[in-house]
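Q: I am new to this structure. Could we go through its features one at a time?

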Amino acid sequence: MKRRQTPRTGWAALAPPLAWLGVFFLLPMIAVFAYSLATREPGGGIEFGLSAENYSRIGDSTLYVWAILRSLRIAVIVTIATLLVAYPVAYYLALVATRWRVTLFVLLIIPWWCSILVKNFAWVAILADTGVLNRLLLQIGVIDQPLKLLYNEFAVVIGLVHVLIPFMVMPIYATLERLDRRLVEAAANLGSSPLRACLEVVLPLSLPGVAAGALLTFILGFGSFITPALLGSERTLMIANLIQGQFMEAFDWPFGAALSMVLLGLVLVLLACFNRLVGLDRLWGPAR
Amino acid sequence: MRGRAQRRPPGVGGRAALRAVVAAIYVFLFLPIVAVVLLSFSENISVIDFGHFTLRWYEHLVRNAPVLAALRFSIVLGILASAMAVLLGSLAAFGLVRGRMRGRAALQAALYAPIVVPEIIISVALLILFVLLRIPRGTLALVIGHSVLILPYVFSIVSARLYGFDRSLEDAAANLGATPMQTLREITLPLMLPAIVGAALIAFKVSFDEVVGSMFWSTAREQPMPVLVFSMLQFELTPEVNAIGTVMLAVTFSVLGVYQLIEWRRRAELTGRSAEGEKRLG
């Protein structure tokens, strides 16, 4: 049967959304790039040009270099911690759980959908000096001084891991679910222990899912703004907080734009590597 | 040999350990959220006191004019932005799934781009554009910004359903003499309606909880709820914030609940229909 929809009607339907994203997504990215090459005039205006001054200012300032390195370090720690926590959950959901599978799946989606703001400030109530956890520990006598758990890197990492677990579980689950279970049985039949079968058969086959989850977690952690703002301190500011400061407090937009381009550049490099090694489809499924 | 073959990974002891680890992770996931809800009914900000539940903080909320205004604004913004995103996202899904053009993988990547670029970058980039185009911060800027951020969600939901769409129904309509427009109106759109409504609900939810972009695009007078909550949190965590958080969770879950109901109904209808068909054939 001949279908009436052709590439031409397809393009007609695609034109409005693509135009919308062109004007309100792509064009703004170009504008940020243009701003990052501009300079501030003494009067407060912007002079567009091709100056690399803003970029060299980032390199000259230890504050900004440290913040970028700190953001990278936090993102790496968060990605590894989230992977260690998420893998058992994905493994259990895909290969072990039977009766409880659907329930556990729903129970994973519920916290995923909760507002990130709520999920973050919940940790303030738990980790504060007079918070739920410290009160409990004081009461049972494990400690006699409240532990400093909040407004430091530890709190930022906990908050981010808590938010990002589902982003890691989902892609790993998707690869494990499609895994041919007969391979595991074959490994067992050939005499390998369950742990060895898991490490040598299941783990390698799930690596594309791990890569997709790690990519999402790393990007979201690296660019995170809310969590370091609520759970961190002046000393744990991440790159997104510095960008916000330049735009909303220091009003040095060209410099803020240069910082944004550094963040965007690193993310694009990661996405390109991922596309080369695994394929971007893995994040959202192939265009059939 | 046989015993070993029947054993599934990991072994019995290993499986108990795995179960304990998974249970602990679920506790970790839920503990903070449950704590917020319980604390919102508690007299003391840091003590979950099961004996003394109070609605005091909610009574404070009901009399807090800025909070109510922000809540109202968030709902209006969510409706406007998701309407925009549903229109554009559905068009994109139809175009990409039905038009069998080249370079669809690249087009798809472009449509998903707003969810892989860090939010802070989209936030400042659009702010710069708004300044250049002389679009003031406030409702219009927020609707535009949110529509960009939530478009990928709509596209994802609608295109997933379109891939599974039974096109023989459209062919039948065409064979019976329906024009392409009639087929679209009478067959395609009604069948796609649950997916489109579902996409609208998810889009509303994402807009309702959006923080970073909203901070950059709003003004003190036209301010969505999460931005107000964020600025309240800059000072301290009050029991009232716990109550607002609980209200926000309640809105989220009502929206998701409706989404799930639509899904269940659709599934039930599908299985009902195929069972009926089998009966007729039998």
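Q: How many residues does the contact take from chain A and from chain B?

A: This is a predicted model. The contact takes 88 residues from chain A and 94 residues from chain B.

Q: What is the area buried between chain A and chain B?

A: The size of an interface is often given as the accessible area lost when the parts come together. Here the area buried between chain A and chain B is about 8500 Å², and carbon and sulfur atoms give 80% of that. On the chain A side, A:Trp113, A:Trp284 and A:Arg288 lose the most area to chain B, together 9% of what that side buries.

Q: How many salt bridges and how many residue pairs in polar contact does the rule find across the interface of chain A and chain B?

A: Across the interface of chain A and chain B, the rule finds zero salt bridges. It does find six residue pairs in polar contact there. Helix α1(A) gives the most to the side of chain A that touches chain B, with 19 residues.

Q: Is A:Gln244 buried or exposed?

A: A residue counts as buried under 20% relative accessible area. A:Gln244 has 13% relative accessibility, so A:Gln244 counts as buried. Its place is in helix α12 of chain A, residues 239-248. Leaving aside residues up to four places away in sequence, A:Gln244 touches A:Phe225 and A:Glu249 in chain A, and B:Ile120, B:Met215 and B:Phe216 in chain B.

Q: Is A:Ala12 buried or exposed?

A: The cut-off for exposed is over 50%. A:Ala12, in helix α1 of chain A, counts as exposed because its relative accessibility is 52%. A:Ala12 and A:Tyr55 are 43 residues apart in sequence, and 41 Å apart in space from C-alpha to C-alpha.

Q: Which residues make the nonpolar surface patch of about 420 Å²?

A: A:Val23, A:Leu26, A:Leu27, A:Ile30 and B:Leu133 make this patch. One of these residues, A:Leu27, lies in helix α1 of chain A, residues 7-36. A:Leu27 is partly exposed, with a relative accessible area of 39%.

Q: How many salt bridges are there over all chains?

A: Side chains of opposite charge can pair when their charged atoms come close. By the rule used here, the count over all chains comes to 13 salt bridges. In chain A, the side chains of A:Asp180 and A:Arg182 meet in a salt bridge at 3.0 Å, N to O. A:Asp180 is partly exposed at a relative accessible area of 34%, and A:Arg182 is exposed at 59%.

Q: With which residue does B:Arg98 form a salt bridge?

A: The partner is B:Glu170, and the closest N and O atoms of the pair are 3.3 Å apart. This pair links distant parts of the chain: B:Arg98 is in helix α4 and B:Glu170 in helix α8 of chain B, 72 residues apart. B:Arg98 counts as buried at 4% relative accessibility, and B:Glu170 is buried with a relative accessible area of 4%.

Q: Which residues do salt bridges that share partners join into one network?

A: Take B:Arg161 and B:Glu263 to begin with: they form a salt bridge whose closest N and O atoms are 2.9 Å apart. B:Arg161 is in helix α7 and B:Glu263 in helix α12 of chain B, 102 residues apart. Both B:Arg161 and B:Glu263 are buried. Salt bridges that share partners join B:Arg161, B:Glu263, B:Arg266 and B:Arg267 into one network.

Methods. Residues are numbered from 1 along each chain as its sequence is written. Chains are lettered from A and ligands numbered from 1 in the order in which they are written. This is a predicted model: local features need pLDDT of at least 70, side-chain atom pairs count only at pLDDT 80 or more; totals for chains, interfaces and linings use all residues. Side-chain values use heavy atoms; hydrogens and water are left out. Patches are made of residues with over 30% relative accessible area and no salt bridge: like charges are joined within 9 Å, nonpolar side chains (Val, Leu, Ile, Met, Phe, Trp, Tyr) within 5 Å. Accessible areas come from the Shrake-Rupley method with a 1.4 Å probe; for residues, only the protein chains shown count as cover. A salt bridge is a side-chain nitrogen of Lys or Arg within 4 Å of a carboxyl oxygen of Asp or Glu. Helices (H or I, at least four residues) and strands (E, at least two) are DSSP runs, numbered from the N terminus. Buried means under 20% relative accessible area, exposed over 50%, partly exposed in between (1.4 Å probe, protein chains only). Contact means heavy atoms within 4.5 Å. Buried area is the accessible area (1.4 Å probe) that two parts lose on being put together, summed over both. A polar contact is a pair of N or O atoms within 3.5 Å; within protein, one must be able to donate a hydrogen and the other to accept it, and residues adjacent in sequence count only if both atoms are side-chain atoms.
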